[in-house]
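Hi,

Here is the structure I promised to pass on.

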Amino acid sequence: MSLPDLTIRPRRLRRTPTLRRMVRETSLSVDDLIYPLFVDETISEPKPIASMPGVSRIPLSHVGKAVREVAAAGIPGVIFFGIPAKKDAIGSEAWNDEGIVQRAVRAAKDASPDTCVIADSCFCEYTDHGHCGVLHGEEVDNDATLENLQKEVVSYARSGVDIIAPSGMMDGMIGAIRTALDDNGFSHIPVMSYAVKYASGYFGPFRDAADSAPSFGDRSGYQMDPANRREAIKEAMIDINEGADMLMVKPGLAYMDIIAAVKEATDVPMAVYNVSGEYAMIKAAAEKGWIDERRVVLETMLGFKRAGADMILTYHAMDIARWLNND
Ligand code: PBG
Ligand code: ZN
């Protein structure tokens, strides 16, 4: 039997490792990574998170060491989530200058001044009902929450944070934050907006990690509907117009199309959050020996980069840094 003329043979460029290296379109570097840290005011020793093998809540006393390890791995940034000792209906611990995140930020900057310290800015870890703001009946009151968010971010800025990252999906949150920061002498502090955040089942393990599960209902009244794509562009544009310096898409894996669409539509650096449930799935399958953890993690990260991510928030960051640094 005769074959057609094969003039074009893509396999020619896949023949050797060197050729593959030369034509590779996307790369992953430790520079792309941001490592999430959970700081718990109620503990004195690290406390493993069952649904996130390899991740622990840490006490304030361990923050300096943790951040130095991140810096030694070459990872440029960390993002803090705080678990306060005291919760109330409005989440007032969030704007206490002596609160857990404020003290963690100071400890981190003392231990490693060059590490970029980001503060996740929301209220679900601070409210006794677990919703991302002040309640009015069973709904989160948008504008009342914005006023508290202004107090929270100014307090974080006073503690020395490098980037504010609001995750509550309140309307007008970027404008409110920008005004508050500028009015208080922090016009140099950038805002990384969780602009495109979906009401996702993939946040499950995080809610154990941060003790932030809503006590009733869910977050569909403020986070986005997973069915929507055009709305992602709308959310991204609103936040850029309000002054967001960087955007985030979250979660990552089930939203690769959204990452690509937001990248195409905008011109600011974009982060992707490889969330707790995505981490848990890989860890669980790897523990069972069903997948090769290193290979699957690196492939997943490359997927985020290929889709358009400039930065990746991931619980795999320390492992990735080890793998990349040893190659
Ligand atoms: C809080 C917040 C959440 C995550 C980051 N910030 C949880 C939520 O919205 O319920 C999720 C992170 C993860 O799952 O890894 N607003
Ligand atoms: Zn929240």
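Before the details, one term: a polar contact is a pair of N or O atoms within 3.5 Å of each other. Lys250 gives you an example, because an N or O atom in its side chain is 3.3 Å from a nitrogen atom of ligand 1, inside that cut-off. Do keep in mind that this is a predicted model.

Now for the whole chain. If you trace it through, you'll find eleven helices and twelve strands. Its radius of gyration is 21 Å, close to the 20 Å that the globule rule gives for 327 residues, so the chain is as compact as a globular protein of that length. Along the principal axes, the C-alpha atoms fill a box of roughly 75 × 40 × 40 Å.

Next, zoom in on ligand 1.

Tyr315 has an N or O atom in its side chain 2.6 Å from an oxygen atom of ligand 1. For Arg219, a polar side-chain atom lies 2.9 Å from an oxygen atom of the ligand.

How much of ligand 1 does the protein bury? On its own the ligand exposes 400 Å², and the protein buries 100% of that. The space that ligand 1 takes up is also the largest cavity.

Cheers

Notes. Residues are numbered from 1 along each chain as its sequence is written. Chains are lettered from A and ligands numbered from 1 in the order in which they are written. This is a predicted model: local features need pLDDT of at least 70, side-chain atom pairs count only at pLDDT 80 or more; totals for chains, interfaces and linings use all residues. Side-chain values use heavy atoms; hydrogens and water are left out. A polar contact is a pair of N or O atoms within 3.5 Å; within protein, one must be able to donate a hydrogen and the other to accept it, and residues adjacent in sequence count only if both atoms are side-chain atoms. Accessible areas come from the Shrake-Rupley method with a 1.4 Å probe; for residues, only the protein chains shown count as cover. On a 1 Å grid over the protein atoms alone, a cavity is a set of points where a 1.4 Å probe fits but cannot get out, and a pocket is an open set with protein on both sides within 12 Å along at least five of seven lines; lining residues have an atom within 4 Å of a point. A molecule sits in a cavity or pocket if more than half of its atoms lie within 2 Å of its grid points. Helices (H or I, at least four residues) and strands (E, at least two) are DSSP runs, numbered from the N terminus. The radius of gyration is taken over C-alpha atoms; the globule rule is 2.2 Å times the number of residues to the power 0.38.
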